[in-house]
Amino acid sequence: MPGRWTVDSQVFQENAEKLVQKADCFAVVKNNAYNFGLDFAVDQFLQIGIQHFVTTSLHEAIAVRKRAPQATILLTNPTREFDLARKYHIQLTLTSLDYFYTFKDQLEDLPLQLEYESHLHRSGLKNREEIDQVLAHRNKLDIQGIWTHFGYADDLDGPGDEYSKEREEWLDLLEDLLDDGYQFHYIHAQNSASFFREGGLLPHHTHSRLGIALYGAKPYDDLANDRIDQSLTVSASVVQVRQLNQGQYAGYSFKYQASHQPTQLAIVDIGYGDGLLQARADYPCQIRGKDYPIVGLMMSHLLVEVDDQVQIGDRVYLYSPDPNLRIDYFTHKGVGANSQQLSALNLNSLIKEYD
Ligand SMILES: *Cc1c(COP(=O)(O)O)cnc(C)c1O
C-alpha cells in the first residue's frame, strides 16, 4: 500500500467546532484549504455553521461560492476580473490606493473591504490618510468591512515587540475611525496565533480569521496540545527489509553506511516526491508504536534503520495525532512552518482518504 494521506473528518470537524464556539470566524481556505481539499473543508465548515470564507485566488473564491450559496466570501488578492467577482458575489479587498483609483468605476457596485497595511508590509492601505481618501467616496461604494493581517503574531522572538506595536497601531486606527462615526459590518484581524494569544477577539472585532488552527496545528509552541486537534495522518508501508553487513553503503551518494553487523534496513514507499521535506527525515518515523531513524530520503522511498520487530507490510507513520508525530511538533523542531509541511504534501502521488 503506497503512501497515504488520511484525514479523520470527525476530528477535523470537532476541532473547528471548538474554535468557533468562542467567536465567529472567517475560515481561511487559501491554497486548496491548506491542502486539505477546498470542497472537503468548505463542506465541513458549513456543517458547523461557518458562513464566512477567505481566500487569495478568485478561482477558489468561485469554487467556494458553488458550495456555499449564502456565504460571505472575501478575496484578499487584487483582481481585475470584476465581472466574475460580480457574478459570484465575491467581496473584494482594496489592497492599495493605486488599485482603488485605477479601478474605481468597476469597483463601484461590488462589496468591498479595506485592508490596512501591517508591519508585514505585504498589502493594504498605508495609513489613515489613504483610508480617508477611499472613504471620501463611500457614498458611491459598498464598503462592508475593514481588516488587517498581523505579520508578527506567530513569532514573538524577533527584535522589539513587533506584534504589540502592530496590534496597538491597528487598534488606535480602528478606534479613531469608529469615533469619527464610520461603521463597518466586518472588522477582523486575527489569524490563529493572534486569536490564541488574545484569548479571543480584540475589541470591536466581529470575526477572527483562522487558518492553521482550523487545520489542526498549533500556531506557536507554548499551547497545550489539546487546544487544537490534528486530524491528519501520513503513513506508508515497509515494502522490503534488507540486511546489510557492517561497512556496506545504502542509498545514493553513499548516503548511509551500516555501522554494525548485521543491520536491517526497511525500505518504505514514500519520499520527497510525495512531499516529505528533507528536514523531516532528520527525525524518526514510527512503526508498531516505536521510533526508528530515517537514514535516507529518496524520491519515492525512505531507508529506515530497524530491528527484528519490523516486517514487510508494517505501517510507517510520518505524521499522526501522536504528540511526537504532530505537524506542529516538527514545526517546533525547525522542520518548516506548519503550512509549509502541510502544503508540500503531494496529493497527486499520495493516496488521499477521508475517514
Ligand atoms: C493565511 C492567512 C490567514 C490565516 O493565518 P493562520 O496563521 O493560518 O491562521 C489569515 N489572514 C490572511 C490575510 C492570511 O493570508
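A residue is called buried when its relative accessible area is under 20%. By that cut-off, 55% of the 355 residues of the protein chain count as buried. The model is a predicted one. The C-alpha trace spans about 80 × 45 × 40 Å along its principal axes, and the chain has 12 helices and 19 strands. Of the contacts between residues at least 6 apart in sequence, 64% join residues at least 24 apart.

**The parallel sheet**

An open sheet is formed by 8 strands, in the order S8-S7-S6-S5-S4-S3-S2-S9, with parallel pairing. Strand S8 (186–188) and strand S9 (208–210) stand at the edges; each has a single partner strand, so one side of each has no neighbour in the sheet. From one strand to the next, the twist averages 25 degrees. Strands of a sheet pair through backbone hydrogen bonds, in either a parallel or an antiparallel sense.

Within this sheet, strand S3 (residues 52–55) runs parallel to strand S4 (residues 72–75), and 4 bridges join them. Thr55 has Leu75 in S4 as its bridge partner. Helix H4 (residues 58–67) packs on the sheet and touches S3 and S4, with its direction at about 175 degrees to that of S4. Helix H9 (residues 162–179) also packs on the sheet, where it touches strand S6 (111–116), strand S7 (142–148) and S8. The direction of H9 makes about 155 degrees with that of S7.

Which residues of H4 are buried? They are Leu58, Glu60, Ala61, Ile62, Val64 and Arg65. The cover over the buried residues of H4 includes H2, helix H3 (38–47), S3, S4 and helix H5 (82–87).

**Lys30**

Lys30 lies in helix H2 (residues 30–34). An unreviewed UniProt entry annotates Lys30 as "modified residue: N6-(pyridoxal phosphate)lysine". In the model, Lys30 counts as partly exposed, at 26% relative accessibility. Apart from its neighbours within four places in sequence, Lys30 is in contact with Val54, Thr55, Thr56 and Glu60.

UniProt, in an unreviewed entry, lists residues 231–330 as "domain: Alanine racemase C-terminal". This span is 4% helix and 43% strand, and its end C-alpha atoms lie 16 Å apart.

Strand S18 (residues 315–319) is mostly covered, with 4 of its 5 residues buried. Strand S10 (residues 232–244) pairs with S18 in the antiparallel sense over 4 bridges, and Ala236 has Val316 in S18 as its bridge partner. Strand S14 (residues 285–287) also runs antiparallel to S18, joined by 2 bridges. Here Gln286 has Tyr317 in S18 as its bridge partner.

**Aromatic rings**

The structure holds 21 aromatic pairs. In one of them, the rings of Tyr249 and Phe254 have their centres 4.8 Å apart and their planes at 75 degrees, so the pair is edge-to-face. Tyr249 is partly exposed, with a relative accessible area of 45%, whereas Phe254 counts as exposed at 61%.

Tyr319 and Phe330 form another edge-to-face pair, 5.6 Å centre to centre with 85 degrees between the planes. This pair links distant parts of the chain, with Tyr319 in S18 and Phe330 in helix H11 (residues 327–333), 11 residues apart. Tyr319 is buried, with a relative accessible area of 1%, and Phe330 is buried with a value of 1%.

The two pairs are set out below.

| Pair | Centre to centre | Angle between planes |
|---|---|---|
| Tyr249 and Phe254 | 4.8 Å | 75 degrees |
| Tyr319 and Phe330 | 5.6 Å | 85 degrees |

Elsewhere, ring pairs link Trp5, Phe12, Tyr34, Phe36, Phe40, Phe45, Tyr215 and Tyr354 into a cluster.

Where do charged side chains sit over rings? Arg280 lies over the face of Tyr319, 5.6 Å from the ring centre. The charged end of Lys352 sits over the ring of Trp5, at 5.9 Å from its centre. Tyr319 thus has a ring partner in Phe330 and a charged residue, Arg280, over its face.

Notes. Residues are numbered from 1 along each chain as its sequence is written. This is a predicted model: local features need pLDDT of at least 70, side-chain atom pairs count only at pLDDT 80 or more; totals for chains, interfaces and linings use all residues. Side-chain values use heavy atoms; hydrogens and water are left out. Rings of Phe, Tyr and Trp (its six-membered ring) pair if their centres lie within 6.5 Å; planes under 30 degrees apart count as stacked, over 60 as edge-to-face and the rest as tilted. Buried means under 20% relative accessible area, exposed over 50%, partly exposed in between (1.4 Å probe, protein chains only). A charge sits over a ring if NZ of Lys or CZ of Arg is within 6 Å of the ring centre and within 35 degrees of the ring normal. Two strands pair if DSSP finds at least two bridges between them. Axes are lines fitted to C-alpha atoms, for helices over the stretch in contact, and angles run from 0 to 180 degrees between N-to-C directions. Contact means heavy atoms within 4.5 Å. UniProt positions are given in the numbering used here, feature names are shortened, and annotations may be inferred rather than shown by experiment.
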